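Have the viewer open and follow along.

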Amino acid sequence: MTTLVEEIRSALAAAADAGRAPAMQAYMKSAMPFRGIPRPVLRRTLRPLLTGLRIESARELEETVRELYLPAAYREERYAALELLAGRAGRPFRGPDRVPLLRELITVGAWWDLVDEVAGHYLADLHRADPDRLRPVLLEWSGDPDLWLRRSSIIAQLGSRDATDTEVLTVVIDRNAADREFFIRKAIGWALREYARTDPDWVRRFVAEREETLSPLSKREARKHL
């Protein structure tokens, strides 16, 4: 797997576009530099390396993801780690046992592009597959001092539609409704806006009952499609 990590880094270096990199870094307000590789190009670059890849154990998957993600010198290396985690080679090892890894990726990534991918896709998939085991995780994270874990708890049911656990959604939002942090307020509005596509009446009542506690941003986002 160390060889794979080296090959991925070499492939990303070869695909780099120095002309794009500064604008991408500026847009993302990232302290970490970019290679200047758009996501579609990044996926095409990784395809020959990941197609047919076999990973023998959950430990091997986690070690490889961490080796790419934690010491990354360029942001695309972290994107590549998430592509590996999401890909066919990693699918046999999806399950609640991956929660500590996801927590680490969220707290280390600590910015919306990485956090939203981990929470809105991987964590959300785990919750839909095993809601009973993930429920306490979301409730615990909703009160964590780390704002990115709290954001993750709020957006972890995006796309769940009828499978949304509204009791959990209520708790994680109510615990964070008074937070003045933009990324929390935006997450609350986003979660409610998405669930409004499934149950608009529930969202109407929810927001109306919290007219004085939800931020204007959260209410505006929640009501966007009502």
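This is a predicted model: local features need pLDDT of at least 70, side-chain atom pairs count only at pLDDT 80 or more; totals for chains, interfaces and linings use all residues.

Let's start with helix 5, which covers residues 75–86.

Next, is helix 5 enclosed or open? Of its 12 residues, 11 are buried, so the rest of the structure largely encloses this helix. Buried here means under 20% relative accessible area. If you want to click through them, the buried set runs Arg 75, Glu 76, Glu 77, Arg 78, Tyr 79, Ala 80, Ala 81, Leu 82, Glu 83, Leu 84 and Leu 85. The cover over these residues includes helix 1 (2–14), helix 2 (21–28), helix 3 (39–50) and helix 4 (58–69). Helix 6 (99–109) and helix 7 (112–129) are also among the elements that cover them.

Now zoom in on one of those neighbours, helix 6. Its axis is 13 Å from that of helix 5, and the two helices pack at an angle of about 160°. Angles over 145 degrees count as roughly antiparallel, and helix 5 and helix 6 are therefore roughly antiparallel to each other. Their crossing is left-handed. On the helix 5 side, the contact uses Arg 75, Arg 78, Leu 82 and Leu 85, which meet Leu 101, Leu 102, Leu 105, Val 108 and Gly 109 of helix 6. Sorted by class, this contact of helix 5 with helix 6 has six nonpolar, one polar and two charged residues.

Helix 1 brings Thr 2, Leu 4, Val 5, Ile 8 and Arg 9 to the contact, while helix 4 brings Thr 64, Glu 67 and Leu 68. By class, the contact of helix 1 with helix 4 has four nonpolar, two polar and two charged residues.

Last stop: Val 171, which sits in helix 10 (residues 166–174). With a relative accessible area of 30%, Val 171 is partly exposed. Where is Ser 142 relative to Val 171? The two are 29 residues apart in sequence, and their C-alpha atoms are 8.1 Å apart in space.

Key
Residues are numbered from 1 along each chain as its sequence is written. Side-chain values use heavy atoms; hydrogens and water are left out. Helices (H or I, at least four residues) and strands (E, at least two) are DSSP runs, numbered from the N terminus. The expected span of a helix is 1.5 Å times one less than its number of residues. Buried means under 20% relative accessible area, exposed over 50%, partly exposed in between (1.4 Å probe, protein chains only). Contact means heavy atoms within 4.5 Å. Axes are lines fitted to C-alpha atoms, for helices over the stretch in contact, and angles run from 0 to 180 degrees between N-to-C directions. Angles under 35 degrees count as roughly parallel, over 145 as roughly antiparallel, 65 to 115 as roughly perpendicular and the rest as oblique. A crossing is left-handed if the near helix is turned anticlockwise from the far one by less than a right angle, and right-handed if clockwise. Ala, Val, Leu, Ile, Met, Phe, Trp, Tyr, Cys and Pro count as nonpolar, Asp, Glu, Lys and Arg as charged, and the others, Gly among them, as polar.
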